[in-house]
Amino acid sequence: MNNKQFALLVVGILCVCSIAFASVFQDKPMRKLSNGTYVVNTTTLAPNVKGFRGATPLEVHIKNNKIMKVVALPNQETPNYFAKVKGLLLPKFAGKSTSKPIQVDGITGATFSSKAVKDNVSAAVRYYKANK
C-alpha cells in the first residue's frame, strides 16, 4: 500500500467514525452544558407534533427549573407566519417555571404553528423533569 492509498484509508476511517459518533449523540434529546443549562431538543422527542406544514422542532434551554429560552430549529412552516411565532411567541417562555403548567397565548394567524410550539415546549419540559 502506498502513501496515497494509506491516506485515503485513514480519511475514510475517520469519516465513518465521525458519522457513527454523531449519530450516537444526535439521538439523545437532552444535553447539559457546562454552565448547568439543560438543552432539550424535540426533534426526536416529539416528531409527531406538527404545525401547519409539518414538524416544528425546538431547543428548549432550562436552568434551575426555569426556561431560559426557546430556539426554533429548521422546519417547513410558512416563513412569514413562523417569523411572528419566533419573534412574539418564543420569548414568552423565558423565565417560566417548569414546576407548573406553562400558559402562554398563541399568535393570531399562526394558530397551528403556535400550538405546535406550545406542545413541543411541554414535551421538552416533561422530558427534562423526568430525566434531569
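**Close-ups of a predicted model**

**View 1. Asn120, tucked away in a helix.** At 1% relative accessibility, Asn120 counts as buried (buried means under 20% relative accessible area, exposed over 50%, partly exposed in between, with a 1.4 Å probe and protein chains only). You'll find Asn120 in helix H3, and helices (H or I, at least four residues) and strands (E, at least two) are DSSP runs, numbered from the N terminus. The side chain of Asn120 makes a polar contact of 2.9 Å with that of Thr42. That term stands for a pair of N or O atoms within 3.5 Å; within protein, one must be able to donate a hydrogen and the other to accept it, and residues adjacent in sequence count only if both atoms are side-chain atoms. Setting aside neighbours within four places in sequence, Asn120 is in contact (heavy atoms within 4.5 Å) with Thr42, Ala46, Val49, Thr56 and Leu58.

**About the model.** This is a predicted model, where local features need pLDDT of at least 70, side-chain atom pairs count only at pLDDT 80 or more, and totals for chains, interfaces and linings use all residues. Residues are numbered from 1 along each chain as its sequence is written, and side-chain values use heavy atoms, leaving out hydrogens and water.

View 2. H2 spans residues 79-89, and its buried residues are Phe82, Val85 and Leu89. Look down the axis of H2 and these buried residues fall within an arc of 65°, so they line one face of the helix (the arc is that of the directions from the helix axis to the C-beta atoms). Here's the background: an α-helix has 3.6 residues a turn, so residues three or four places apart point the same way. Strand E4 (66-72) and helix H3 (111-131) are among what covers the buried residues of H2. Pro79, Asn80 and Leu88 are exposed, on the face turned away from the buried side of H2.

**View 3. Two aromatic pairs.** The structure holds two of these pairs; rings of Phe, Tyr and Trp (its six-membered ring) pair if their centres lie within 6.5 Å, and planes under 30 degrees apart count as stacked, over 60 as edge-to-face and the rest as tilted. Tyr38 and Tyr128 have ring centres 5.4 Å apart and planes at 70°, so this pair is edge-to-face. Tyr38 sits in strand E2 (residues 38-41) and Tyr128 in helix H3, so the pair ties together parts that are 90 residues apart in sequence. Both tyrosines, Tyr38 and Tyr128, are buried. Phe52 and Phe112 make a tilted pair, at 5.9 Å centre to centre with 40° between the planes. Phe52 is in the loop between E2 and E3 and Phe112 is in helix H3, so here the parts tied together are 60 residues apart in sequence. Phe52 and Phe112 are both exposed.

View 4. E1 (residues 30-32) runs antiparallel to E2, joined by three bridges (two strands pair if DSSP finds at least two bridges between them). Arg31 has Val39 in E2 as its bridge partner. Five residues lie between the strands in the hairpin of E1 and E2, where Gly36 takes a positive phi near 90°. E2 also pairs with E3, antiparallel over four bridges, and Asn41 has Glu59 in E3 as its bridge partner.

**View 5. His61 in strand E3.** His61 belongs to E3 (residues 58-63) and is buried, with a relative accessible area of 10%. Beyond four places in sequence, the contacts of His61 include Tyr38, Val39 and Met68.
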